[in-house]
Amino acid sequence: MATTDGRQSGGVDARLAGAVLTVDLAALQANYRLISSRLTSGATASAVVKADAYGTGIGPAATALWAAGARDFFVAHADEGVTLRRHLADARIHVLNGAHAGAEEAFREHGLIPALNCLDDVARWRAFCAKAGQPLPCVLHVDTGMCRLGLDRREYARVVADPSLLDGLDIQSVMSHLASADEDSPQNAEQLALFRDVRGHLPMGRASFANSSGVFLGPDYHFDLARPGVALYGVNPTPGSPNPMAQVVRLQAKILQVRDVDSAETVGYGATHRIAGPSRIATLPVGYADGYLRSLGNRATAYIGDYEAPLVGRVSMDLITIDVTAVPEAQCRPGMTVDLIGPHHTVDDLAAQAGTIGYEILTSLGRRYHRVYADGAA
């Protein structure tokens, strides 16, 4: 449904929700365009929208990315691809986890492109193509150092020795995946050298190598098709350096109650925070059931305007408490909002306080929030 200012909204009714998650689709589009502008001539950027577009909502996010120019999309699971197809009729949708045995017909029905991650995948997809009477599109994934999915070195050597193993396939891309692109690691150069060898022996289709951080490693890593993911959603692809990406999400919780405390009391389960002097404690209707991680207890900060308010006590299932002693009372009353993620406190900031990474923060975003999608018109 549309809000009064023309933005799209969804999720829990705003009148009933305890918090509002705003997804800035214009910022998402700006991030896609920024990454595209960093690529060498001839290289294009796809968009990774797995895990419900990193928690932001696959429908609105993918539609905005399409409007920004993305034509290739990557998901992890086939069911994500089926969902995405409902929103994008003409996109090239690649499924990183491939086609499981028995799922092949669904891939053809919905126009999904499987990654072939081992020789068994190759053989099974070849058999399906033969049955269909035509080569069907696929991606050939070769492992160059992740030791996860992709043809391992022995399988790769077999394909090099016997290229007929790939007969009957429409290989649209050959891909690999960087393991340490967000670090100054010698593994990056090692994987690059291996992938160049792969392309020498397997020149078919486009070469796809760089993830979000890989784009920022430089032109040598770009090849034909980059696969940015988390950077599109505002997470810093260059840790240790200023974040070049625009912030996409904002999480604001409503204040339920403000309590004046003038004695030495404790806050929350386990009495892990003790109040030392006169204080004001605000209670917010967000907890670990909403993806606000339990590890944030006594570590996180929130903001009311420009005022910092530390989280005190443990994160419980549905509630957290923050110390608002330093916040003017006029800005801290029941019904007013607090930024848990916002201009002063990014996804990366919250992740650092939780002892995790921005990926987990985004993909944990809960379903009890009212969601607002800011205008993402191209």
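Which residues of helix α7 (residues 153–161) are buried? They are Glu 155, Tyr 156 and Val 159, where buried means under 20% relative accessible area, exposed over 50% and partly exposed in between (1.4 Å probe, protein chains only). These three cover an arc of only 100° around the axis, which puts them on the same side of α7; the arc is that of the directions from the helix axis to the C-beta atoms.

This is a predicted model, in which local features need pLDDT of at least 70, side-chain atom pairs count only at pLDDT 80 or more, and totals for chains, interfaces and linings use all residues. Residues are numbered from 1 along each chain as its sequence is written, and side-chain values use heavy atoms, with hydrogens and water left out.

Helices are DSSP runs (H or I, at least four residues), numbered from the N terminus.

| Face of α7 | Residues |
|---|---|
| Buried | Glu 155, Tyr 156, Val 159 |
| Turned away from the buried side, exposed | Arg 153, Arg 154, Arg 158, Ala 161 |

The cover over the buried residues of α7 includes α6 (119–132) and α8 (186–201). At the start of α7, a side-chain oxygen of Asp 152 comes within 3.1 Å of the backbone nitrogen of Arg 154.

Ala 51 belongs to helix α2 (residues 50–54) and counts as partly exposed, at 36% relative accessibility. Leaving out residues up to four places away in sequence, Ala 51 touches Glu 80 and Thr 363; contact means heavy atoms within 4.5 Å. Its C-alpha atom is separated by 9.7 Å from that of Ser 364, 313 residues apart along the chain.

Notes. Helices (H or I, at least four residues) and strands (E, at least two) are DSSP runs, numbered from the N terminus. A polar contact is a pair of N or O atoms within 3.5 Å; within protein, one must be able to donate a hydrogen and the other to accept it, and residues adjacent in sequence count only if both atoms are side-chain atoms.
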